[in-house]
Amino acid sequence: MGSGWHEWPLVLFTVLGQCVAGGLIVTGLGWMATSGDRRTQASIVRSQFLLWIVMGIGFIASMIHLGSPLRAFNSLNRVGASALSNEIAAGSLFFAVGGFWWLVTWLGKMPAALGRLWLVVSMVLGVLFVWAMTRVYQIDTVPTWHNGYTTASFFLTMLIGGPLLGALLLRLAGMRYNASRFAAVSVAALVASCAVVMLQSVQLGEIHSSVQQAIALVPDYGMLQVWRLVLVALGLGCWICPLVMHKQPQVISLLAGIVLVMAGEVIGRGLFYGLHMTVGVAVAG
């Protein structure tokens, strides 16, 4: 019982990976939108280095969970048959393809047409990586995870944290752009997250064993979810308030926002892992 922080390597890996996938999409769209401005494109590419640093931290965390890098390689033995193998393969492919695009582009060796295609492929691989993550937890013997709320939550983290991370990197690159559409995506994702929390809370009350309800696995579930949503809302506020006043958000404001959003999503993901409950001792109804 508890907040699920004992699974902190997986918490970091999933949250950081999802934010990076979303961040690459936003910065990638910014890069493609400035195709006639090589200087701005170069600045965006330099700022994207942070994406791969964050993704690297996520993979280090996943290796800590597995115990050793060798186990990570061994887990690739069942690609196509194992959801875990598929997740690691999808993440590695995303990291390799996207990272190679970044390196070659940063060196100035990437042809323009090929660069756009390669970037789009990298963005699609990021989405597939998040999808592969969701499949790892669709285990029919764990009724608290085996549902659409798991898939929704993982993608909503990408849609909340990704645009904000992308906005920070584009601001670091000195690019001026209309961020209202990206901000609207994050706000819509936050509203959807609130709905998921409410609907899942009802479902958790219906999953139980002879001695325990699923909701009792995390005694402070409700309060922690409130804190999570408040932190995420405050983080998005650091981005949205300047936009409402028709101002470009400052780097420090965006940085504070991404820290708050990631803190909130880490709490939410910890709750997710804290709700692990096998079907041998639990039934739904």
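Entry 1, cores. I looked up the largest nonpolar core, which has 67 residues; Met55, Phe94, Tyr137, Leu236 and Trp239 touch the most other members. A nonpolar core is a set of buried Ala, Val, Leu, Ile, Met, Phe, Trp, Tyr and Cys residues joined through side-chain atoms within 4.5 Å, buried being under 20% relative accessible area with a 1.4 Å probe and protein chains only. H1 gives the largest share of this core, 12 residues. A second, separate core has 9 residues, including Leu217, Tyr221, Leu271 and Leu275.

The model is predicted: local features need pLDDT of at least 70, side-chain atom pairs count only at pLDDT 80 or more, and totals for chains, interfaces and linings use all residues. Residues are numbered from 1 along each chain as its sequence is written, and side-chain values use heavy atoms, with hydrogens and water left out.

Leaving aside neighbours within four places in sequence, I found Leu236 in contact with Ile160, Leu164, Ser186, Val187, Leu190 and Val261. I then turned to Gln18, which lies in helix H1 (residues 8-33), helices being DSSP runs (H or I, at least four residues) numbered from the N terminus. Gln18 counts as buried because its relative accessibility is 0%. Not counting residues up to four places away in sequence, Gln18 touches Val130, Met133, Phe154, Thr157, Met158 and Arg269.

Methods
Helix = DSSP H or I, 4+ residues; strand = E, 2+ residues; numbered from the N terminus. Buried < 20%, exposed > 50% of the residue type's maximum accessible area, 1.4 Å probe, protein only. Contact = heavy atoms within 4.5 Å.
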